[in-house]
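Reader: Can you walk me through this one? I'd like to go chain by chain, then look at some residues.

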Amino acid sequence: MSTQAQANPSGADLAISDEVMIGLTGVNKWYGQFHVLKDIDLTVLKGERIVICGPSGSGKSTLIRCINRLEEHQRGRIVVDGIELTHDLKNIEKVRREVGMVFQHFNLFPHLTVLDNLTLAPIWVKKVPKKEAEEVAMHYLKRVKIPEQAGKFPGQLSGGQQQRVAIARSLCMSPKVMLFDEPTSALDPEMIKEVLDVMIELARSGMTMICVTHEMGFARTVANRVIFMDKGEIIEQNEPEEFFNNPKSDRTKLFLSQILHH
Amino acid sequence: MTDMTDQSIVPGTRPDLPPPVTESGVIGWLRHNLFSSWWDSLLTLSAIYIVYLIVPPFISWAFVNADWQFLPSVISGEKAPEFSDCTSGGACWIFVRARFGQFFYGFYPDAERWRVNLVLVMLVASIYGLLSERIKNKKPIAWFFFAVFPLLAFFLLYGGIGLPVVPTQQWGGFMLTLTLAGIGIVFSLPIGILLALGRRSQLPIVHLLCVLFIEFARGVPLITILFMANVMLPLFLPQGVEFNILLRVLIGVTLFASAYMAEVIRGGLQALPKGQYEGAMAMGLGYWAMMRLIIMPQALRVAIPGIVNNFISLTQDTTLVAIVGLYDFLNIVRAGSRDSNWIGTEIEGYVFCAFVYWIFCFAMSRYSMRIERKLQTGHKR
Amino acid sequence: MALAKGAPESGAVANPATPQVIAFWRDERKRGMIAQVVVVAALLGFIWFLLRNFLIKQEMSGAPPLSLYFLQDVAGFQLSFSLIPLTLDSPIGRVIFAGALNTLIAAFFAGIIATFLGLLVGIARLSKNWLISHIAATYIEIIRNIPLLLQLVFWYGGVLTALPKPKDSISLLDVVFLNIKGLFLPKPILQEGVGLFFIAIAVAIGLAIFIARWARKRQMATGQQFPTIIVNTALIILLPAFVFVLLHDPIGWEFPEKGAFNFKGGLTVQPEMTALIVGIGISTAAYVAEIVRAGIISVSHGQSEASHALGLKSSWTLRLVVLPQALRVIIPPMISQYLNVVKNSTLAGFIGYADLFAVIGTSQNQTGRAVECVVILMVFYLTISLIISTIMNVYNKRAALIER
């Protein structure tokens with residue numbers, strides 16, 4: 001995959017260091033008149049695990065959705081693994097191949113079995129033979145500990161199981177980055193743990209991850225960096241220990257007090 | 001309640017007692033459903049009176065006093081059957097029996113009718129295959145039905161390559177009705193899908209064109225589209241190219257049906273949550289792959305009841321082709337009852353015709369309702 | 001683990017590089033443009049192809065160029081029924097206009113029948129009375145699964161031809177007569193002073209609206225209620241009735257009288273028109289009934305339970321909670337049913353009623369002006385459907401539930 005940087009000379013000069021996975025500079029986005037993202041600068045290194053938190057409407061979901069171009073940014077630059085996101089469809093497709101995404105509402109395809117959900121993208125996007133795709137799929141299903149559900153339909157699984165399938169589905173594309181958009185907020189409390197366990201295990205394996213979540217325990221355990229956003233801006237970012245014990249801005253303090261002591 | 005000490009029954013082991021007589025059984029049912037108040041009773045009695053006015057006379061006309069059997073002289077071939085053979089005063093079903101072949105096959109030659117039957121058998125078998133829950137792998141059936149079957153059916157019905165040609169002027173009756181509605185649905189499905197996608201497209205010109213077409217076709221009556229196809233279309237064809245009347249009608253019917261199809265499919269598309277699109281895009285699927293693999297399979301499934309309902313309406317609407325002189329089922333029955341041998345059999349003709357349409361459409365609508373209920377219970381299988 | 005402390009500087013991705021040139025087939029914006037250009041070009045090409053064929057044929061056959069002047073020519077045919085006076089010398093345009101009026105009048109009455117019958121059947125379908133609800137269901141299922149054209153020819157050819165001859169007419173109180181030649185009604189003849197009667201009706205309605213508003217305002221302000229419905233009903237009936245009596249019969253009636261072959265005088269409704277109106281009305285009523293039923297059951301049971309729990313009595317629950325919500329569901333499909341009524345009236349030609357489509361068909365036959373005739377036809381129906389969809393949009397905008 002390192003050939004991608006050469007194949008794309010325009011992006012190559014942007015990735016100064018091999019260590020950088022994602023770089024955002026001066027990213028701005030508006031919904032109509034509403035300014036959702038204001039001059040976001042963010043660099044994510046390979047293997048880094050970032051947790052983004054913030055009140056609802058702060059733009060945190062929009063930010064990670066810009067990284068795989070589910071949303072289009074209007075100003076600034078976004079470079080993922082040396083590939084810049086522009087109107088170039090080829091680049092968009094390349095970035096999406098390398099970036100896996102897990103949604104709040106799972107977005108599994110209800111008309112396909114679990115196994116078909118997992119093999120769909122490898123077969124159609126990466127052109128992997130079916131047999132091979134199925135082997136890979138079973139491998140990841142084992143990793144998320146539900147290989148026995150392969151033949152079922154998503155509607156027959158519990159929320160936690162569905163989310164684990166969604167994670168496995170993304171992993172089947174062997175992504176370099178995983179984005180998590182509030183992966184546990186649609187789940188019942190007893191199911192949150194099984195999903196977080198999978199995510200922690202994934203983090204230990206060295207995956208580059210960006211998670212929008214309010215699971216502060218998870219942030220303390222695995223994150224290298226915690227980012228706090230409000231009103232479309234990055235207010236504060238720091239190591240988890242520093243971030244939780246010694247927040248700098250008042251806004252962060254208020255937010256932390258609200259979610260930690262409710 | 002008053003006398004707790006007398007209770008010898010351990011709590012939780014009380015036997016289930018039958019409800020009061022007034023609440024159950026025939027009497028309870030009658031009380032609840034027919035005579036719950038004086039007003040209700042009045043309604044019930046008047047309804048019974050109305051039923052009494054309509055149903056017994058109809059039964060005596062259609063069954064008790066009806067003529068069913070050919071006269072011996074007709075069976076021995078001495079004379080042709082005619083209206084005056086009916087003497088009982090009720091319905092003259094001899095008319096329907098005498099004309100039965102024509103009603104179903106039109107003027108299709110007797111010796112070639114097996115071809116129509118064969119097409120019908122294939123049609124029913126493949127529709128059953130497509131819709132049955134027992135058959136899991138529907139891909140080959142779908143390929144057969146949408147790609148092979150139309151060609152095969154055309155070859156069988158029209159002829160050529162060894163089979164004697166039956167010109168379309170000889171097609172008629174219920175077979176023509178089914179042909180029109182079937183072809184209309186099969187061809188309007190792909191066009192309707194494209195129109196629906198176009199209408200939801202973000203490309204302004206494509207969107208506008210699709211909206212214009214759909215709203216135009218839905219804003220005017222089918223009969224005016226048939227009229228247009230019949231009198232105006234020939235003027236716009238190249239010199240020397242002629243479409244026969246059946247083809248012109250089919251073009252009109254297909255365009256008309258595809259606008260309605262587009263709206264049904266658009267409904268199916270709208271029923272899908274946005275997350276399905278996002279999930280597919282995040283996995284790197286392109287527009288067409290996303291539509292083919294993720295969106296359409298789900299949208300079409302949601303749209304099946306609507307598609308079946310479209311098919312029902314189209315079957316009923318094909319009666320309008322009489323305006324351009326085609327002999328569909330209704331028109332051929334009408335023509336039959338105007339035959340000089342059968343003057344006076346109009347009601348019999350209409351009742352028979354209505355009965356056939358009713359069976360066909362009612363069965364389809366029941367099926368579509370069943371699917372709808374199944375869809376409502378979710379995607380679990 | 002390389003940990004970037006604080007805000008990692010954006011140097012990594014800084015250099016605002018020169019805008020890159022993206023190959024056009026890879027650019028999502030340009031790709032859309034190209035797709036649209038291709039579609040438009042294909043469409044224009046197709047239209048050009050059709051037009052060229054048309055012009056070549058036109059030239060070869062020596063047909064006159066397209067124009068609407070033929071509307072001024074003498075029609076040479078007449079309509080069996082028309083709201084405006086027509087003679088054999090009337091211009092085609094006028095005959096076509098008469099046809100359009102015929103369409104609208106038939107659709108109007110069919111719409112009225114459909115609305116009331118449909119309401120009745122829809123409510124009956126929901127009745128707790130088993131027999132009533134099943135009769136309604138049978139009606140709906142029979143009507144909806146039989147082609148409309150078959151129903152029309154059945155009413156016209158089957159039922160109306162079975163009606164008695166004029167001398168054995170079916171009569172209602174000896175003022176309304178029905179026979180094979182049509183339906184004969186008394187014709188109102190307006191006499192002097194009738195204006196006052198109509199004014200009285202208008203005043204009564206105006207007063208009723210005023211009272212309703214006043215009562216509502218007072219209730220909002222003081223909490224006192226007023227028996228609006230009873231008072232207004234009494235007002236609307238009694239005031240005009242009082243004026244009517246005062247004026248000594250301001251409306252006279254011309255009754256149909258038995259002539260040598262048929263009835264004379266009065267108001268005659270042709271059998272063709274009767275069959276069309278009754279047929280379309282009865283058929284559309286089945287659809288209306290389903291709409292009404294769906295609308296009422298769409299209001300979830302919880303809504304009326306909640307209303308009862310708040311202590312509102314049944315009639316208020318219906319008026320204040322159920323109906324407003326049901327109407328929101330009922331009215332849009334009702335409006336499209338009215339469009340369907342207009343569209344379905346094109347079947348008139350099959351039973352000999354001269355609606356617009358039948359008249360256009362004859363005109364096309366006589367003049368050979370296919371394109372012009374089709375255009376007139378399409379413009380008429382598109383105008384109607386545009387008007388109806390505008391009404392629908394206005395309604396939807398006003399009634400749309402405010403949801404986030």
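Author: What follows is a short tour of the chains, a disulfide, a helix and a few residues.

Reader: Ground rules before we start?

Author: This is a predicted model, where local features need pLDDT of at least 70, side-chain atom pairs count only at pLDDT 80 or more, and totals for chains, interfaces and linings use all residues. Residues are numbered from 1 along each chain as its sequence is written, chains are lettered from A and ligands numbered from 1 in the order written, and side-chain values use heavy atoms, with hydrogens and water left out.

Reader: Fine. How many helices and strands in chain A?

Author: Chain A has eleven helices and ten strands. Those are DSSP runs: H or I of at least four residues for helices, E of at least two for strands, numbered from the N terminus.

Reader: What share of chain A is buried?

Author: 61% of its 262 residues. Buried means under 20% relative accessible area, exposed over 50%, and partly exposed in between, with a 1.4 Å probe and protein chains only.

Reader: What about contacts and surface?

Author: Take contacts in chain A between residues at least 6 apart in sequence: 66% join residues at least 24 apart. A contact means heavy atoms within 4.5 Å. Chain A exposes about 10,400 Å², with 51% supplied by carbon and sulfur atoms. That area comes from the Shrake-Rupley method with a 1.4 Å probe; for residues, only the protein chains shown count as cover.

Reader: Where do the charges of chain A sit on average?

Author: The mean positions of its 32 positive and 33 negative charges are 3 Å apart. Lys and Arg count as positive, Asp and Glu as negative; His and the chain ends are not counted. Each charge is placed at NZ of Lys, CZ of Arg, CG of Asp or CD of Glu.

Reader: On to chain C. Compact or spread out?

Author: First, chain C has eleven helices and eight strands. Its radius of gyration is 31 Å, well over the 22 Å that the globule rule gives for 404 residues, so chain C is more spread out than a compact globule. Its C-alpha box is roughly 105 × 80 × 45 Å along the principal axes.

Reader: How much of chain C is buried?

Author: Buried residues make up 39% of its 404 residues. Chain C exposes about 23,200 Å², and carbon and sulfur atoms supply 69% of that.

Reader: New topic. How many disulfides in the structure?

Author: One, over all chains. It joins Cys86(B) and Cys92(B), with the sulfur atoms 1.9 Å apart. The cut-off for a disulfide is a pair of cysteine sulfur atoms within 2.5 Å.

Reader: Which hand does the link of Cys86(B) and Cys92(B) have?

Author: Right-handed, with 65° about the S-S bond. Cys86(B) is buried at 15% relative accessibility, and Cys92(B) is buried at 0%.

Reader: And Cys353(B)?

Author: Cys353(B) is in no disulfide; the nearest cysteine sulfur belongs to Cys361(B), 11 Å away. Cys353(B) is also buried, at 0% relative accessibility.

Reader: Is helix H13 of chain B mostly covered or mostly open?

Author: Mostly covered: eight of the nine residues in H13(B), which spans 329–337, are buried. Among them are Phe329(B), Leu330(B) and Arg334(B).

Reader: What do the buried residues of H13(B) pack against?

Author: In chain B, helices H4 (93–105), H7 (173–200) and H14 (346–376); in chain C, helix H4 (148–159).

Reader: Who's in H4(B)?

Author: Val96(B), for one. Val96(B) is buried at 6% relative accessibility. Beyond neighbours within four places in sequence, Val96(B) contacts Phe103(B) and Phe352(B). Its C-alpha lies 13 Å from that of Arg338(B), 242 residues away along the chain.

Reader: Last one. What does Ser363(C) touch?

Author: Leaving out residues up to four places away in sequence, Ser363(C) touches Phe77(C), Ile92(C), Ile96(C), Gly368(C) and Cys373(C). Ser363(C) sits in helix H10 of chain C, residues 356–367. Ser363(C) is buried at 0% relative accessibility, and Cys373(C) is buried at 0% too.

Terms used:
The radius of gyration is taken over C-alpha atoms; the globule rule is 2.2 Å times the number of residues to the power 0.38.
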